[in-house]
Amino acid sequence: MISSATGLVALVAAVCLLLPASSRAQLQVGFYNTSCPNAETLVRQAVTAAVANNSGLAAGLIRLHFHDCFVRGCDASVLLSVNPGGGNTERDAAPSNPSLRGFNVIDAAKAAVERSCPRTVSCADILAFAARDSVNLTGNVFYQVPAGRRDGNVSTEQAALDNLPGPNLTATELITGFAAKNLTAEEMVILSGSHTIGRSHCDSFLFKNRERLAGGTISPAYQALLEALCPPTTSQFTPNTTEIDLSTPAVLDNNYYKLLPLNLGLHFSDDQLIRNATTAPSVAAFAANETLWKERFVAAMIKMGNIEVKTGAQGEVRLNCSVVNARSSASAIIEMLLPAGASDDAPADEVATS
């Protein structure tokens, strides 16, 4: 309880220091070297075990990281199953439900890390590590992940609908959407290359591809195969799926780019990359040089992992990745004093150390 006007003024002053305008700590490689030196090893073990049992989870974890970063920044908001403010969460939104997967892998990694280093490693960092490990397992590429992210306290369905690029967007729309996240047109093409692994639900491609068939931008034989796979009344929750990369669906390689000129891109958005004068040269370059694509893919993943991150005293370190921490009375007072939309920047009960 705040017992005096002086105490209230002091609390408000402290809150003001934590608003978005305040300076923020930077992410850094080896952030947990002192506080939890085995954090990345424990995450890697959880991911390796999961992918050994189900190879498709590697693609799922990369996509999970992408969905997280594009909505409210890389703050693990996509992992929340309950919105503290009420209403549906990001994972309930059509772009994520029911196709998004890998939540159980993150939960397993988090549990292992909590046993070793309680209240130290954020879910957002665990997700970034898991995506990196998935790239390593499927593409034999390893890179260092700068860490120090904090977990957000907000997750809404509408934010996902507003920010996630869909499979029916034109190249111009994709470029605009990625630019809003400070990613270039080339980086959009680079990150789209992650479609070289994983599967997609019928609802994300079937109907738009009928238009492509009429326009001559999809192989008739390929569309016939897809029509045979998918029910004619396909909807969001139709469980049928297919590989995005027909040739090497479990290997992170540049085959995705090689398929596009053959009219074998699964989604309209994939095919758009060769129909646009800005993006087509990048497709050709990556189709011809897998090493070049992998080098730039790593750089793009690191850059994406820095989108609108919360650091320092912002957000919290969740104890359970699917729900926010129980708030103390002091935290509740601070949140009430913050302006609308700034609650993610409030100090949390659980603090990460480096």
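Trainee: What should I know about the model before reading any values?
Mentor: This is a predicted model in which local features need pLDDT of at least 70 and side-chain atom pairs count only at pLDDT 80 or more, while totals for chains, interfaces and linings use all residues. Residues are numbered from 1 along each chain as its sequence is written, and side-chain values use heavy atoms, with hydrogens and water left out.

Trainee: Why is Ser 134 called buried?
Mentor: Buried means under 20% relative accessible area, exposed over 50%, and partly exposed in between, with a 1.4 Å probe and protein chains only. Ser 134 has 0% relative accessibility, so Ser 134 counts as buried.

Trainee: Where does Ser 134 lie, and what is in contact with Ser 134?
Mentor: Ser 134 lies in helix α5 (residues 123–139); helices are DSSP runs of H or I, at least four residues, numbered from the N terminus. Neighbours within four places in sequence aside, Ser 134 is in contact (heavy atoms within 4.5 Å) with Val 47, Ala 58, Leu 61 and Ile 62. The Ser 134 side chain also reaches the backbone oxygen of Ala 130 at 2.9 Å.

Trainee: What makes Asp 133 and Arg 44 a salt bridge?
Mentor: The definition asks for a side-chain nitrogen of Lys or Arg within 4 Å of a carboxyl oxygen of Asp or Glu. For Asp 133 and Arg 44, the closest N and O atoms are 3.4 Å apart, so the pair qualifies. The pair links distant parts of the chain, with Asp 133 in helix α5 and Arg 44 in helix α2 (residues 39–53), 89 residues apart.

Trainee: Why is Glu 211 called exposed?
Mentor: Its relative accessible area is 52%, so Glu 211 is exposed. Its salt-bridge partner is Lys 208, with the closest N and O atoms 3.3 Å apart; Lys 208 is partly exposed at 24%.

Notes: Helix = DSSP H or I, 4+ residues; strand = E, 2+ residues; numbered from the N terminus. Polar contact = N/O pair within 3.5 Å; in protein donor to acceptor, adjacent residues only side chain to side chain.
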